[in-house]
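Student: I would like to go through the terms used for this model and see what each one rests on. Where do we start?

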Amino acid sequence: MTPAQCRAARALIDMSQAALAGAAVVPATVIADYEAGAWIRPSDLKAVQRALERAGVEIIDIGGQSGVRLREGRK
């Protein structure tokens with residue numbers, strides 16, 4: 001997941017950085033730093049991506065094209 005995908009995913013589900021940090025159980029600075037382009041620990045990145053996926057976002061990377069979308073059937 002790229003920083004841009006993280007920002008787009010949060011926008012798609014209207015989730016704040018603080019809410020994502022809480023869902024991923026990471027400090028809020030991790031989200032802000034990552035979205036600004038800073039390196040974060042792989043374990044933190046995995047936790048953030050899992051939190052977004054639990055919230056109904058699919059992270060897409062097909063043939064070098066990346067993006068995000070809502071999971072089918074998400075309410």
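Tutor: With a definition: a salt bridge is a side-chain nitrogen of Lys or Arg within 4 Å of a carboxyl oxygen of Asp or Glu. Keep in mind that this is a predicted model.

Student: What makes R69 and E58 a salt bridge?

Tutor: The closest N and O atoms of R69 and E58 are 2.9 Å apart. The cut-off is 4 Å, so the pair qualifies as a salt bridge.

Student: Why is R69 called partly exposed?

Tutor: Buried means under 20% relative accessible area and exposed means over 50%, with partly exposed in between. R69 has 45% relative accessibility, so R69 counts as partly exposed. E58, at 25%, also counts as partly exposed.

Student: How many salt bridges are there by this rule?

Tutor: The count comes to three. Another of them joins D44 and R41, with the closest N and O atoms 3.1 Å apart.

Student: How do you know whether D44 is buried or exposed?

Tutor: The relative accessible area of D44 is 10%, so D44 is buried, the limit being under 20%. R41 has a relative accessible area of 47% and is therefore partly exposed.

Student: What makes E35 and R10 a salt bridge?

Tutor: The distance from N to O between their side chains is 2.6 Å, and the rule asks for within 4 Å. The pair links distant parts of the chain: E35 is in helix 3 (residues 28–35) and R10 in helix 1 (residues 3–12), 25 residues apart.

Student: Why is E35 called buried?

Tutor: E35 has 8% relative accessibility, so E35 counts as buried. R10 is buried as well. Leaving aside neighbours within four places in sequence, E35 is in contact with P3, C6, R7, R10 and Q17.

Student: Which residues of helix 3 are buried, and how do you know that they line one face?

Tutor: V30, I31, Y34 and E35 are buried in helix 3. Seen down the axis of helix 3, these buried residues fall within an arc of 115 degrees, so they line one face of the helix. An α-helix has 3.6 residues a turn, so residues three or four places apart point the same way.

Student: What do the buried residues of helix 3 pack against?

Tutor: They pack against helix 1, helix 2 (17–24) and helix 4 (42–54). Just after helix 3, G37 takes a positive phi of about 105 degrees.

Notes:
Residues numbered from 1 in each chain as written. Predicted model: local features only at pLDDT ≥ 70, side-chain atom pairs only at ≥ 80, totals over all residues. Heavy atoms only, no water. Helix = DSSP H or I, 4+ residues; strand = E, 2+ residues; numbered from the N terminus. Buried < 20%, exposed > 50% of the residue type's maximum accessible area, 1.4 Å probe, protein only. Arc of directions from axis to C-beta. Contact = heavy atoms within 4.5 Å.
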